[in-house]
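Trainee: I have a model open and want to learn how to read it. Can we go through it feature by feature?

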Amino acid sequence: MPQVPQTLDASAVRAWSGLALEALGRAREEIDAINVYPVADGDTGTNLYLTVESAAAAVEAVFAAHAAMSVVGTAPGGPSSEGPVSDVPVSDGRPVSHGPLIEPPTLADAVRAMAHGALIGARGNSGTILAQLLRGMAQVLAADTGTERTDGPGLRLALRHAADAARQAVAHPVEGTVLTVATAAADAASGAEGDCAVVARAAYEGARAALAATPGQLAVLERAGVVDAGGRGLVAVLGALVETFTGAAPAVEAIPVLASHARVQADTGECADGGPGTAPVEDESGPAFEVIYLLEADDTAVARLRDRLDGLGDSLVVVGGDGLWNVHVHVDDAGAAVEAGVEAGRPYRIRITHFGPADAHTTGSTVRPLRERAQRAVVAVVPGEGLARLYADAGATTVLARPGEPPASGELVDAVRRAHALEVVLLPNDAELRHTAAAAAEQARTEGVRVALIPTRSAVQGIAALAVHEPERRFDEDVVAMTSAAGATRYAEVEVAERQSWTMAGICQAGDVLGLIDGDVAVIGSDVTATAESVLNRMLSAGGEMVTLVLGDEAPATIADHLEARVRESYLAVDTVVYRGGHQGALLLIGVE
């Protein structure tokens, strides 16, 4: 048996994050299947896995950075006076370094990385709460930066602070959830005397007992005959902590089912509340969207944000600190939730998910079968909050691409998973995202999802494609129709040049207004409205039936009225529609169908 740590140090944190990821990987589908609260959308296991995946990657990055510095003989504090340790003598075929010894990451380095990775990668309600649990532990374990390890009492304190911090992060804590399980784990650990293995085992057993009791605390779980999905995920994470200190994973036992529920099944062959694997039906008043974003803001602004979001929806969780936060809320007005973030600071990595008919806010009193995959969904990359709301209102799952921050393929794969459909139409809406979207589509196909990538080059082409989307027709026919609509839409944008440059229309200077048609600069001007009018005239000279204008926040207030009037006067058979795009980078997007 490999040697196991007796105390919690950086190496133990690294082992724990890896083992937790493996444990959630094994339990992911099981946890997804019992996800009925607060929304029965069948993704809690996946969200927890992605959250811990981000945390584990951050820890590995810290170790990799220290290893890289040791290769060049550079300590974390600065360059070595003794220079590189390459080209050194060898003994038994291995290099012998006479350079400085590079210290491995400290406990503070590792736990802060784990917490930060979880924070920026948190997914869903339970993933966001787990990120705060890890942050709470890190605040205790990293308090003394000179400490290389902690023992049982230190781990007890960390678990207690983690449970308290997570509860404070939730606007309206509910018992019978992951919060209850975390509190029980901390309570059990507080009574354990011994090393880290003893404390971890006590926390795990306390969490398991609390998990088994969750159906008695939350009616929706009792009706469905399941335990809380988020709590089940936390038990898996704590089981990995036990394995870190003992070298053996706790025995995997079946998820408890209420005795009364089981008796009905035995007597009648049916579930107590209406059929096998049933879960509560949605409350018709439940919010329609899940909104998640990272936010750079100070504590005062975040306090105001909490109050505002609490009035907009439910399932509000705001975690983080030191200027960086992860915000999660369920609302009917996704745009208002994002705008609240803009007022508080700088939101980014914004994800808006529309709860379709198959998703349930479990506050009702009746039951329905657990959520199945939708037949078809659309996943789209959009450049602004206003467009994100427009696409979400049309039923699409969106990924926000802020200026200078294009999404990675992993974010697109995550969006495909959130869409939870057998068939997905992917709209990158940017020529530069073609390869990224193709990689995401390929990854999603390996997970059993049928994906069609429509190479839309602008959000206005995506709007045209979404307008003809019909989920009821055959997949191939739907994709052909959407592709044709996108291809029949010429696109343009108006933006301000950041520097001098050669273009197809000549040399532009910094501050010039540029009109790009189908990706190439066609007009260089000094006035935004005049340049936009020139671009629109060029596009309509080749014909068109519909003009789409998407206004950025910095576009002139009168530009839409001016361009609409111009179209009415000169192109009688052409209709115009105007949308607000928000912080979309370009001052104006134009589409001509």
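Trainee: In the hairpin of S18 and S19, which residue takes a positive phi?

Mentor: First, the ground rules. This is a predicted model, in which local features need pLDDT of at least 70 and side-chain atom pairs count only at pLDDT 80 or more, while totals for chains, interfaces and linings use all residues. Residues are numbered from 1 along each chain as its sequence is written, and side-chain values use heavy atoms, with hydrogens and water left out. Helices (H or I, at least four residues) and strands (E, at least two) are DSSP runs, numbered from the N terminus. Now the general idea: most residues other than glycine have a negative phi, and most peptide bonds are trans. Here, aspartate 518 has a positive phi near 50°. The hairpin of S18 and S19 has two residues between the strands.

Trainee: How many bridges join S18 to S19, and do the strands run parallel or antiparallel?

Mentor: Strands of a sheet pair through backbone hydrogen bonds, either parallel or antiparallel. Two strands pair if DSSP finds at least two bridges between them. S18 (residues 513-517) and S19 (residues 520-525) run antiparallel, with five bridges. Valine 513 of S18 stands opposite glycine 525 in S19.

Trainee: In what order do the six strands of that open sheet lie?

Mentor: Read it as S19-S18-S15-S22-S20-S21, with mixed pairing. S19 and S21 (575-582) are at the edges with a single partner strand each, so one side of each has no neighbour in the sheet. On average, neighbouring strands are turned by 20° against each other, direction ignored. Inside that order, S15 (residues 490-496) and S22 (residues 588-592) pair in the antiparallel sense over five bridges. Valine 494 has leucine 588 in S22 as its bridge partner.

Trainee: Which helix lies across S20, S21 and S22?

Mentor: Helix H19 (residues 559-570) does, and it runs at about 165° to S21. Axes are lines fitted to C-alpha atoms, for helices over the stretch in contact, and angles run from 0 to 180 degrees between N-to-C directions.

Trainee: What is the strand order in the open sheet of eight strands?

Mentor: The order is S7-S8-S6-S9-S12-S11-S13-S14, and the pairing is mixed. S7 (313-321) and S14 (450-453) are the edge strands, each with a single partner strand, so one side of each lacks a neighbour in the sheet. Neighbouring strands here are turned by 15° against each other on average, direction ignored. For a parallel pair, look at S11 (residues 374-382) and S12 (residues 397-400), joined by four bridges. In S12, threonine 397 is the bridge partner of valine 379.

Trainee: Which helices lie across strands of this sheet?

Mentor: H4 is one of them; it lies across S6, S7 and S8 at about 30° to S7. H13 (residues 385-393) lies across S6, S9, S11, S12 and S13, at about 170° to S12.

Trainee: How close do the axes of H4 and H5 come, and at what angle do they cross?

Mentor: Two packed helices are described by the angle between their axes and the distance between the axes. For H4 (residues 124-141) and H5 (residues 152-169), the axes come within 7 Å and cross at roughly 135°. H4 and H5 are therefore oblique to each other. Angles under 35 degrees count as roughly parallel, over 145 as roughly antiparallel, 65 to 115 as roughly perpendicular, and the rest as oblique. The crossing is right-handed, meaning that the near helix is turned clockwise from the far one by less than a right angle.

Trainee: Which residues of H4 and H5 meet?

Mentor: Contact means heavy atoms within 4.5 Å. Among them are Ile129, Leu133 and Met137 in H4, and Leu155, Leu159 and Ala166 in H5. By class, this contact has 14 nonpolar, five polar and no charged residues. Ala, Val, Leu, Ile, Met, Phe, Trp, Tyr, Cys and Pro count as nonpolar, Asp, Glu, Lys and Arg as charged, and the others, Gly among them, as polar.

Trainee: Is aspartate 322 buried or exposed?

Mentor: Buried means under 20% relative accessible area, exposed over 50%, partly exposed in between (1.4 Å probe, protein chains only). Aspartate 322 is exposed, at 74%. Its phi is positive, near 55°, and it sits in the loop between S7 and S8. Asparagine 429 also has a positive phi, about 60°, but this residue is buried, at 9%. Asparagine 429 is in the loop between S13 and H15 (434-446).
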